[in-house]
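This report describes the fold, the nonpolar cores and a group of charged side chains. The text is to be read alongside the sequence and the coordinates.

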Amino acid sequence: MEEERLKSILASLLFAAGEPVSLARLAAVFDDLPRATVQKAIAAMAAEYSAENRGIVIDEVAGGYQMRTPKEHAGYVRKLLAARPPRLSRPLMETVAIIAYRQPITRPEIEQLRGVDTGGVLETLLERRLVKIAGRKDAPGRPMVYETTDAFLELFGLKDLESLPDLSEFREIERAIEQTTTGPVEGIETHPEDSAAIAPASSHDAAPSDAAEEPAESGPASDDDKTSH
């Protein structure tokens with residue numbers, strides 16, 4: 001198959017999917033092409049779209065490839081859609097960050113780090129499919145453990161969990177999300193003395209050992225902390 005025709009078909013597939021599509025799923029569409037050929041074509045497409053300043057980019061997120069609008073076009077897209085995107089409050093951001101860097105983690109462990117009840121926040125994160133229940137911990141009471149999902153990776157534009165940013169980069173991610181169609185994110189105050197509290201617990205954590213720690217602040221509970229959704 002000619003390269004340009006392959007690129008054309010791949011563009012159709014990514015556009016039609018509307019969500020990240022793994023290389024394996026894309027390659028399965030073509031009976032006579034090796035996976036490496038498909039991957040090379042996608043890489044070439046991504047470079048071309050970026051170099052030509054098109055209104056669509058191809059990013060590798062959540063373990064797959066996805067067509068997305070450039071971040072700098074977010075304001076225009078919002079005006080066209082005339083809809084306010086969903087908002088991640090500070091309690092939601094703090095909690096999902098703790099889960100991301102310490103997963104798998106239980107609710108009591110999250111609450112110990114945050115200093116407030118987390119039932120309502122966890123329920124909201126589950127409803128939004130940013131986290132999931134990943135089983136039970138082998139401990140007294142066998143509490144449920146939580147992990148992040150592919151939807152979390154997609155929201156933050158991360159390729160995989162190994163791509164989790166360090167603490168200095170996390171606030172840049174926050175600002176970047178404000179420029180995407182997923183909506184603005186309230187800032188998180190970070191303090192060096194808090195960072196050790198959320199460091200990866202062991203080598204079994206999903207995040208790299210040198211990944212940054214998301215700070216855990218205690219204080220008065222917000223609406224997200226107090227109520228279930």
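Glu3 is partly exposed, with a relative accessible area of 43%. The model discussed here is a predicted one. The side chain of Glu3 forms a salt bridge with that of Lys7, at 3.5 Å from N to O. Glu3 and Lys7 are four residues apart in helix H1, so about one helical turn separates them. Lys7 itself is buried, its relative accessible area being 8%; the cut-off for a buried residue is under 20%.

Lys7 also meets the side chain of Glu4 in a salt bridge of 3.6 Å, N to O. These two residues, Lys7 and Glu4, both belong to helix H1 and lie three residues apart, about one turn of the helix. Glu4 is exposed, with a relative accessible area of 54%.

A further salt bridge joins Lys7 to Glu48, at 2.5 Å from N to O. Because Lys7 lies in helix H1 and Glu48 in helix H3, this pair ties together parts that are 41 residues apart in sequence. Glu48 counts as partly exposed, at 25% relative accessibility. Through shared partners, the salt bridges join Glu3, Glu4, Lys7 and Glu48 into one network. The whole structure contains 12 salt bridges.

| Pair | N to O distance |
|---|---|
| Lys7 and Glu3 | 3.5 Å |
| Lys7 and Glu4 | 3.6 Å |
| Lys7 and Glu48 | 2.5 Å |

## Helix H1 and its cover

Helix H1 comprises residues 3-17, that is 15 residues. From its first C-alpha to its last, H1 reaches 21 Å, close to the 21 Å expected at 1.5 Å a residue. The buried residues of this helix are Leu6, Lys7, Leu10, Ala11 and Leu14. They cover an arc of only 140° around the axis, and therefore lie on the same side of H1. On the other side of the helix, Arg5, Phe15 and Ala16 are exposed.

Which elements cover the buried side of H1? The cover of its buried residues includes helix H2 (23-28), helix H3 (35-51), strand E1 (57-61) and strand E2 (64-68). After H1 comes Gly18, which has a positive phi, near 70°.

In soluble globular proteins, nonpolar side chains tend to be buried together. In this model, the largest nonpolar core has 24 residues, and Ile99, Leu125 and Phe152 have the most contacts inside it. At least two residues of this core come from each of helix H5 (90-102), helix H6 (107-114), helix H7 (119-127) and helix H8 (150-156). The helix that gives the most is H5, with seven residues.

Leaving aside residues up to four places away in sequence, Ile99 touches Ile105, Ile110, Leu122, Leu125, Val131, Tyr146, Glu147 and Thr148. A second, separate core has 18 residues, among them Ala11, Ala27, Met45 and Tyr49.

## Helix H6

One of the residues touched by Ile99 is Ile110, and Ile110 is also one of the buried residues of H6. Viewed down the axis of H6, the buried residues fall within an arc of 160°, so they line one face of the helix. Gly115 follows H6 and has a positive phi, near 80°.

## The chain as a whole

The protein chain has 10 helices and five strands. Of its 229 residues, 42% are buried. Considering contacts between residues at least 6 apart in sequence, 58% join residues at least 24 apart. The chain exposes about 12400 Å², and carbon and sulfur atoms supply 50% of this area.

Definitions and conventions
Residues numbered from 1 in each chain as written. Heavy atoms only, no water. Core = buried A, V, L, I, M, F, W, Y, C linked by side-chain atoms within 4.5 Å. Buried < 20%, exposed > 50% of the residue type's maximum accessible area, 1.4 Å probe, protein only. Contact = heavy atoms within 4.5 Å. Expected span 1.5 Å × (residues − 1). Arc of directions from axis to C-beta. Salt bridge = Lys/Arg side-chain N within 4 Å of Asp/Glu carboxyl O. Areas by Shrake-Rupley, 256 points an atom, 1.4 Å probe, with all protein chains shown as cover.
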